[in-house]
Amino acid sequence: MSAPLLAVENVGMKFGGFVALQGVTTEFRPGRVTSIIGPNGAGKSTFFNVLSGVLSPSTGTVRFKGQDLKGTRQHEFVHRGIARSYQITNIFPDLSVHENVRVAAQAGRSRYNIWTNRNRFDELDARADKALESVGLFAKRNETAKFLAHGQQRALEIAIALISGPELLLLDEPTAGMGPEETKDMVALLERLAAERTILLVEHKMKMILGLSDRILVLHHGQLIADGTPHDIQTDPEVRRVYLGQNHGYA
Amino acid sequence: MNSSSVAAPLPAAARKPAGLKAALTKYRVPLSILALCILPWLLPSKALAVNVLIYGVVCVGYNLLFGYTGLLSFGHAAFFGAGAYITGIAIGQFGVPWYLAVLMGIAGGAVLAFIIGGMSTRTRGIYFSMVTLALAQLVYYVALQTPSWTGGENGLRGFTVNKINLFGFDINFLDPVNKYYVLMVFAALALWLVSRILNSPFGAAIEAIRENERRARTCGYDVERTKLLAFTLSGTICALGGTMSALHLAFVPLESMHYLTSGMIVMMTLLGGASSFFGPFIGALVFLLMEDVFSLWTSHWQIIVGSIFVLFVLFLPKGIWGTFLSRVVR
Ligand SMILES: Nc1ncnc2c1ncn2[C@@H]1O[C@H](COP(=O)(O)OP(=O)(O)OP(=O)(O)O)[C@@H](O)[C@H]1O
Ligand SMILES: [Mg+2]
């Protein structure tokens, strides 16, 4: 068995007196898709924020490839190999689609150089175009990002996250706000991406998760209450109890 | 995936929008310098032209932070004043040659910008603006309270530069045309430097931070450090404007450090247009020209200039040059 890519040990997160995460312990090995589900406010996004350096946990440790991430500043996470997308679309709205991805690629290459011309980095241009192509946005490369359709903006954010070549990709509800058509495209995209890297996925659309995931974690009130294959999770009585009566529309 | 077919490099024409606007952007430095060369012959006086040079440099430098990094500083008079005072003190009290005094003024402004930037760029939004304002006022009071160095309220005098020796030629610096073209060399260097910075990878990084700080950080940019560097570069160029002003006036008024001067820099920049490279320069030109013309008519010229400024902010928020670029040139 391979060594864990990410090891989470007894992680807790408190906002004032409010406990958003508590005693979360788990491991992620290199491999396909692990989904994290749970009702609204369960702490899923908070968990991602801890894993991506947006928040530092109140307690516990997170190790990436054996290294404790404590004290690592947020911008360093992507250089370590952890990239992410956000629940609410987070792109550069007034830059062109191509520049959105190019400037993300540039972060791995040149950040403080004031002397060279930025267009000299041809290789970044080509990489950006390739990433756009892989999410189906190449034809839109010269458009201003804010004028893209919602689903395209979500795909653009994934291209931005992908460009760093992350070993671990965290996607917080990539299909949020999408209709069935857009969701289908996104699922196809995720399936292609999953072949090449480790993905952690937060989602609410149950059917999609069951089809896509190798493993599912269930968070409830900031605690892990289940961990297993899609089949295990579907039959877990505790999970059924948590979701029962809650009309999320994805039973 | 059929990657090979679509991702082939596009012809240059498909990548970059062509046209007059693109040409204006590409050749912005030589075109700006050309404009500066003819400027003194278009304005009512050479003294006004020199002032436009000085404030043009200051505003273009300021805009590196304001327009391109998205940080509204209300304290840039501190760097302008620091450059001016240090140059004046170096020449008048230490007999330093003028070119060294200029370098010292720039270096001193850079250090001050690094310090003030270090404290202010940790804060955000309105707090950033207030911290820059407060720290710049602190510098103002230091200048006021140390009259043996700065001349206090009366300003700094006694460091007239009569002659400038360039490449073995003695140039009479009291002649307004000579003065303009000597100072224009500094302005041209500043414009070239700012253009260079905007074209660089760092220029892309500050734009990313202006667009979306959180995304920029997630992409791997150290936002705080990048802002501090932008702040320092911007302040350094304002300090250059200050040293030019000291050489020009042979006098440093205390007001050059006052927050009203900071406010004027913001106004000029907005008037010309913060979204473009040359806009702030145009803003300085129009502002000073209005001051020059209207102050002949009435001592209440500030009311007229202020009203015009408000009209611009309300109806043409891209400023004079930004509106010109987006409507006329395309
Ligand atoms: N920065 C914060 N400060 C205070 N409380 C917070 C903060 N971030 C999250 N919370 C609270 O923590 C709890 C968990 O929030 P989180 O966003 O992680 O939930 P989630 O599982 O992602 O929910 P959803 O499915 O609605 O996205 C919520 O009650 C939320 O209000
Ligand atoms: Mg969430």
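In this predicted model, chain A and chain B together bury about 3,600 Å², and carbon and sulfur atoms account for 55% of that area. On the side of chain A, the residues that lose the most area to chain B are Tyr112(A), Ile114(A) and Arg118(A), which together make up 19% of what that side buries. The size of an interface is often expressed in this way, as the accessible area lost when the parts come together. Counted by residues, the contact draws 39 from chain A and 38 from chain B.

Chain A itself contains 9 helices and 10 strands. Its radius of gyration is 18 Å, close to the 18 Å given by the globule rule for 251 residues, so chain A is as compact as a globular protein of that length. The C-alpha trace of chain A extends over about 60 × 40 × 40 Å along its principal axes. Among the contacts in chain A with a separation of 6 or more, 68% are made by residues 24 or more positions apart.

The burial and surface of chain A may be considered next. Of its 251 residues, 54% count as buried. The accessible surface of chain A amounts to about 11,000 Å², with 51% belonging to carbon and sulfur atoms. As for charge, chain A carries 29 positive and 27 negative side chains, and the centres of these two sets are 4 Å apart.

Thr175(A) is located in the loop between strand 7 (168-172) and helix 6 (180-194) of chain A. When residues up to four places away in sequence are not counted, Thr175(A) touches Thr183(A), Met186(A), Glu203(A), Lys205(A) and Met208(A). Thr26(A) is 149 residues from Thr175(A) in sequence, and the C-alpha atoms of the two are 25 Å apart in space.

In chain B, Thr323(B) belongs to helix 17, which comprises residues 319-329. The relative accessibility of Thr323(B) is 13%; this too is under 20%, and Thr323(B) therefore counts as buried. With neighbours within four places in sequence left aside, Thr323(B) is in contact with Leu316(B), Lys318(B) and Val328(B).

Technical notes:
Residues numbered from 1 in each chain as written. Chains lettered and ligands numbered in written order. Predicted model: local features only at pLDDT ≥ 70, side-chain atom pairs only at ≥ 80, totals over all residues. Heavy atoms only, no water. Helix = DSSP H or I, 4+ residues; strand = E, 2+ residues; numbered from the N terminus. Rg over C-alpha atoms; globule rule 2.2 N^0.38 Å. Buried < 20%, exposed > 50% of the residue type's maximum accessible area, 1.4 Å probe, protein only. Contact = heavy atoms within 4.5 Å. Areas by Shrake-Rupley, 256 points an atom, 1.4 Å probe, with all protein chains shown as cover. Lys, Arg positive; Asp, Glu negative; His and termini not counted. Charge placed at Lys NZ, Arg CZ, Asp CG, Glu CD. Buried area = accessible area lost by both parts, 1.4 Å probe.
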